[in-house]
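Please examine the sequence and the three-dimensional model shown below.

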Amino acid sequence: DLIVGFTRRDRERNNESVKVSKEEEEYVLMDLDDVSRHIDIPPDAPYTLSGLDTLNPILTIDGKIKLVGEYLETIGTCLAFSDKEVAAAEYQTPRKTVEPVAKIHKILSLG
């Protein structure tokens, strides 16, 4: 699975002009489990994710593979964490710290 962050801009129309009224970062968990069983996706393959504000976003991998997704209903909030190794003093075991990265409210199933 892959977590993708993007910035959402809610726009407000006022007569002929359009102004950005609110900007917030949003995270989506992309569920690639079904796809990875059938297609070998290199870990460093470039990808484009488009149509996140539609019912069926599209993931294009390496310009060759196109996957249409759909959002799944979630119960509660998924939390994403990162871990870092902390340097230790001589003769001590290195430690890892875990820090929260994001709250995820959407799961995008692709395949």
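Apart from residues up to four places away in sequence, leucine 79 touches Ala102 and Lys103, where contact means heavy atoms within 4.5 Å. The C-alpha atoms of leucine 79 and lysine 103 are separated by 4.8 Å, although the two residues stand 24 residues apart along the chain. Leucine 79 belongs to strand β6; helices (H or I, at least four residues) and strands (E, at least two) are DSSP runs, numbered from the N terminus. With a relative accessible area of 48%, leucine 79 is partly exposed. On this scale, buried means under 20% relative accessible area, exposed over 50%, and partly exposed in between, with a 1.4 Å probe and protein chains only.

The model is predicted: local features need pLDDT of at least 70, side-chain atom pairs count only at pLDDT 80 or more, and totals for chains, interfaces and linings use all residues. Residues are numbered from 1 along each chain as its sequence is written, and side-chain values use heavy atoms, with hydrogens and water left out.

The overall architecture may be set out next. The protein chain contains 1 helix and 8 strands, and its elements run β-β-α-β-β-β-β-β-β from the N terminus on. Of the 111 residues in the protein chain, 21% are buried. Among contacts in the protein chain with a separation of 6 or more, 45% are made by residues 24 or more positions apart.

The structure holds 4 salt bridges, a salt bridge being a side-chain nitrogen of Lys or Arg within 4 Å of a carboxyl oxygen of Asp or Glu. One of them joins the side chains of aspartate 83 and lysine 96, at 3.8 Å from N to O. Aspartate 83 lies in strand β6 (residues 78-86) and lysine 96 in strand β7 (residues 95-104), so this pair ties together parts that are 13 residues apart in sequence. Aspartate 83 is partly exposed at 47% relative accessible area, whereas lysine 96 is exposed at 56%. Another salt bridge links glutamate 99 with lysine 84, whose closest N and O atoms are 3.7 Å apart. Here glutamate 99 is in strand β7 and lysine 84 in strand β6, so the pair ties together parts that are 15 residues apart in sequence. Glutamate 99 is partly exposed, with a relative accessible area of 35%, and lysine 84 is partly exposed, with 45%.

A further salt bridge brings together the side chains of arginine 37 and aspartate 34, at 3.4 Å from N to O. Arginine 37 is exposed at 64% relative accessible area, while aspartate 34 is partly exposed at 45%.

Serine 109 lies in strand β8 (residues 106-110) and is buried, with 16% relative accessibility.

Lysine 106 lies over the face of tyrosine 71, at 4.9 Å from the ring centre; a charge sits over a ring if NZ of Lys or CZ of Arg is within 6 Å of the ring centre and within 35 degrees of the ring normal. Lysine 106 is partly exposed, with a relative accessible area of 24%. Between lysine 106 and threonine 74, 32 residues apart in sequence, the C-alpha to C-alpha distance is 6.8 Å.

Leucine 59, in strand β4 (residues 58-61), is buried at 2% relative accessibility. Beyond residues up to four places away in sequence, leucine 59 touches Met30, Leu32, Tyr47, Thr48, Leu49, Ile65, Lys66, Leu67 and Leu110. Leucine 59 and leucine 110 are 51 residues apart in sequence, with their C-alpha atoms 7.9 Å apart in space.
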